[in-house]
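Q: Walk me through this one, please. I'd like to know what each label actually rests on.

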Amino acid sequence: MRATQPPVPVAVEQKSFVLRAVTSVRELPRSVHIGLVIVIIMVFAAVFAPLLAPYGPDDLNFGASLLPPSPAHLMGTDENGRDLFSRCLYALRLDFLVVFFVTYVSLPFGVVVGAVAGYCGRAADSVIARVTDIMVAVPFLVLVAAVVAVVGPGMTGVLIAVPIISWAMYARLARSEMLVLRELAYMDACIALGFSRFRTIFRHGVPNLLRSSLVFSTVDLMGNLLLLAGLSFLGLGAQPPQSELGAIIADGQSYILTAWWLATLPGLVLVLFGIGVGMVGEGLSDGRVAGRSA
Amino acid sequence: MSLLTVDSLRIEFGPTSNPLTAVDRVGFSIEAGEVVGLIGESGSGKSLTSRAIMRLVSYPGRITDGSIIFDGRSILEMSPRELRDFRARDVGMIFQDPFSSLNPVYRVGAQLAETLRVNAGLSRRAARNTAVELLDSVGIPDAPRRAMSYPHELSGGMRQRVMIAFATAAKPRLLLADEPTTALDVTTQKQILTLLSDMRHDNTMAMLLVSHDFGVIAQMCDRVVVMYGGRIVESGQILDVYESPRHPYTKTLLASVPHLEVGERGRRRLIPGGQPPQPGTIQQGCVFTPRCSQSREECTRVSMTLEPPDSLHQSACPFEPTSVEPMPLPLVIGGVT
């Protein structure tokens, strides 16, 4: 069975990283594409808010208060004559920054803790499993309110409080996946090949359990955005004049009968983002992407 | 001195106060360059024994007694660091299921290169090239291209070839093959066995071949160790055991192998009494007693020591074998008629 020619050094099919990434994105289900387009457009809108916004987010114009949506003011104006569209763009900036930060700080931390717990088992596992149980049982809003009470109202409270709790879900997910992985022959093979525990867990275990956490993070992302909006709505999150979607909706609420757009349109922005990340998440959890682990 | 000596090995599961003994008083040795077969039914403890040599018995299982000496070093007393150096470099291992023994997220060439970097200290570039050479040497056609494949793109036989390349990459002196052909179809089995013999002659590597297939063992091994219910029941040179089995279990096991020549008259003679014993159910005497056609009253009191000591052909049954039928060596590979 031996090949007659000496083997050529690997040079075949050495695609660039970018090219491979593009190919693998193209192979994903359609819903991921649609979701990605929505999310990317919204992120772009947030990043380039200063260029895209026709008005400043805090520009008062009392001569133009409570105007309905029109070509001049795409989403109308509020009681102080501020342009709602511009405010929403700036609000997305703040919201995305905070939400992506709290979600993707929790994820790696939780995954590392969970993977180690699941692999090592025994005492370490019992301790970590109980701690995550406690974390999941803590009423979220109450904890955030408590942290806000300590550090004062504003975004700092959210940035501190959310990761304290939300790493626990990732830890649980990673742990349960690792319990399955650990029994597979290639994890045994890693040990039999003399690899260190560190290499076995992080180089060979974690890439195989990351998917469930990534899928969950899309749900978590939306959950955190709603939480942030909810906290601002309650007056615990963003403080005026910071524009934040929840705060905008809270302000618009008192005008709901006379100026419906003030609360409704920012709400639809939230919904749109939710649909976007939801489609990405669902597509990623779809079995068809699982080709490589089949 | 032997390359590997296993002595009175005991592996237990469950609570320490009331343990289940899965492997009990198992002892055998392997000389340098020798091929030893370990045969037995499912649950006889053969896989567990081979995993113990690699210190791969994981919680809740534990090695509670005995010693495993490799080239003068006690494996059971090694520190984690010594174990890492020992694994792969001194002893390599192949697993039963080629479908789950490769990591699905990495290309096979990259995985093999990683092994070489860790165990042979090669540079990234050298490891890549050596990986392709190794894949070529285990008979993977078009190795440079195949190195870029993911495991799911390869067939079972190819994956097992890749696994053999993994296990032999660091040129170990002993290869543990835990049912390397069980998950493969018959023609592929033959190819993998041929490859294993080739790899052995190339670097004079000893091998412990775990199998439940007499055909595989007969083709490959110099000596055979028969296990039943966590105990060794017989061991000896392959021809001695085949032609004059001394333990009733070995005899019935050999008789249960179907033969082409026998035809319709010779129905397979199955071992009576159903299943091997659950670990821990038989505390005293011979573990085979409940299914043995020649069992007698003394059987519940015998100690199952391998007799005669210092002999090449030992049996754990103290009674003279009755009605030894000469068995033709099964010529079929893979136990299929």
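Q: What makes β4(B) and strand β5 (residues 73–74) of chain B a pair, and is the sense parallel or antiparallel?
A: There are 2 bridges between them, in the antiparallel sense. Strands count as paired if DSSP finds at least two bridges between them, so β4(B) and β5(B), with 2, qualify. Keep in mind that this is a predicted model, where local features need pLDDT of at least 70 and side-chain atom pairs need 80 or more, while totals for chains, interfaces and linings use all residues. As for names, residues are numbered from 1 along each chain as its sequence is written, and chains are lettered from A and ligands numbered from 1 in the order in which they are written.

Q: Why is Leu48(B) called buried?
A: Buried means 20 or more other C-beta atoms within 10 Å of the residue's own (exposed is 12 or fewer, partly exposed is in between; C-beta atoms are placed from the backbone). Leu48(B) has 24, so it's buried. Leu48(B) sits in helix α1 (residues 46–53) of chain B. A helix here is a DSSP run of H or I of at least four residues, a strand a run of E of at least two, both numbered from the N terminus.

Q: Which residues does Leu48(B) touch, leaving out those up to four places away in sequence?
A: Ile11(B), Ala22(B), Val23(B) and Val57(B). Touching means that the C-beta atoms, placed from the backbone, lie within 7 Å. Ile11(B) is 37 residues away along the chain, and its C-alpha atom is 8.1 Å from that of Leu48(B).

Q: What makes α4(A) and α5(A) oblique?
A: Helix α4 (residues 84–120) and helix α5 (residues 122–137) of chain A pack at about 140°, with axes 7 Å apart. Axes are lines fitted to C-alpha atoms, for helices over the stretch in contact, and angles between N-to-C directions run from 0 to 180 degrees. Under 35 is roughly parallel, over 145 roughly antiparallel, 65 to 115 roughly perpendicular, and the rest oblique. That leaves this pair oblique.

Q: Which hand does the crossing of α4(A) and α5(A) have, left or right?
A: It's left-handed: the near helix is turned anticlockwise from the far one by less than a right angle, whereas clockwise would be right-handed. The contact of α4(A) with α5(A) has 6 nonpolar, 1 polar and 2 charged residues. Nonpolar takes in Ala, Val, Leu, Ile, Met, Phe, Trp, Tyr, Cys and Pro, charged takes in Asp, Glu, Lys and Arg, and the others, Gly among them, are polar.

Q: Why is helix α10 (residues 245–253) of chain A described as largely enclosed?
A: 8 of its 9 residues are buried, so the rest of the structure largely encloses it. Leu245(A) and Ile248(A) are among them. These buried residues pack against α4, α9 (197–233) and α11 (261–285) of chain A. Across the 294 residues of chain A, 41% count as buried.

Q: How many helices and strands does chain A have?
A: 11 helices and 0 strands.

Notes:
Two residues are in contact if their C-beta atoms, placed from the backbone, lie within 7 Å.
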